[in-house]
Amino acid sequence: MVALSEAENMPERRVIVSPPSENGGRQVRVDDETLGTAYSLHDLSVFLERVEGVDELDVIESPLIEWHGGGPEVWPATP
């Protein structure tokens, strides 16, 4: 699989992590496709591993991920 950071010959896909919602989850989208709601960095990694072949370190360091409402360290506790 090709990691987000290694996608040299492939068109770049934009990953958007929305701000935390009231329930603590963050919506995750790749381009126009909604992957689901992540409640932790691990959840996000699982979503992106299925689609892009990335691991947690790739998620933290990738310049292709747009973090809205806080970076990879912002995961509010669920109520």
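Modeller: The chain holds 2 helices and 4 strands. Helices (H or I, at least four residues) and strands (E, at least two) are DSSP runs, numbered from the N terminus. Along the sequence the pattern reads β-β-β-α-α-β. Keep in mind that this is a predicted model: local features need pLDDT of at least 70, side-chain atom pairs count only at pLDDT 80 or more, and totals for chains, interfaces and linings use all residues. Residues are numbered from 1 along each chain as its sequence is written, and side-chain values use heavy atoms, with hydrogens and water left out.

Now the sheet. It is open, has 4 strands and mixed pairing, and its order is E3-E2-E1-E4. Two strands pair if DSSP finds at least two bridges between them. Strand E3 (33–38) and strand E4 (65–67) are the edges, and each pairs on one side only. On average, neighbouring strands are turned by 20 degrees against each other, direction ignored. The axes behind that angle are lines fitted to C-alpha atoms, for helices over the stretch in contact; angles run from 0 to 180 degrees between N-to-C directions.

Start with strand E1 (residues 15–17). E1 and E4 run parallel, joined by 3 bridges. Val 15 stands opposite Ile 65 in E4.

Next comes the loop between E1 and E2, where Ser 18 sits. Ser 18 counts as buried because its relative accessibility is 14%. Buried means under 20% relative accessible area, exposed over 50%, partly exposed in between (1.4 Å probe, protein chains only). Ser 18 touches Arg 26, Gln 27 and His 68, not counting residues up to four places away in sequence. Contact here means heavy atoms within 4.5 Å.

Move on to the loop between strand E2 (26–30) and E3, which holds Asp 31. Asp 31 is not a glycine, yet it has a positive phi of about 55 degrees. Asp 31 counts as partly exposed because its relative accessibility is 34%.

On strand E3, look at Thr 37. With 35% relative accessibility, Thr 37 counts as partly exposed. Thr 37 and Arg 26 are 11 residues apart along the chain, but their C-alpha atoms are separated by 5.3 Å. Leaving aside neighbours within four places in sequence, Thr 37 is in contact with Gly 25, Arg 26, Gln 27 and Phe 47.

What packs around these strands? In soluble globular proteins, nonpolar side chains tend to be buried together. Here the largest nonpolar core has 14 residues; Val 28, Leu 35, Ala 38, Leu 44, Leu 48, Val 59 and Ile 65 touch the most other members. E1, E2, E3 and helix H1 (41–52) each supply at least two residues of this core. H1 gives the most, with 4 residues. A nonpolar core is a set of buried Ala, Val, Leu, Ile, Met, Phe, Trp, Tyr and Cys residues joined through side-chain atoms within 4.5 Å.

Take Leu 44. Setting aside neighbours within four places in sequence, Leu 44 is in contact with Val 17, Val 28, Ala 38, Val 59, Trp 67 and Trp 75.

Last, the whole chain. Of its 79 residues, 38% count as buried. Among contacts between residues at least 6 apart in sequence, 46% join residues at least 24 apart. The accessible surface comes to about 4800 Å², and 48% of it belongs to carbon and sulfur atoms. Accessible areas come from the Shrake-Rupley method with a 1.4 Å probe; for residues, only the protein chains shown count as cover.
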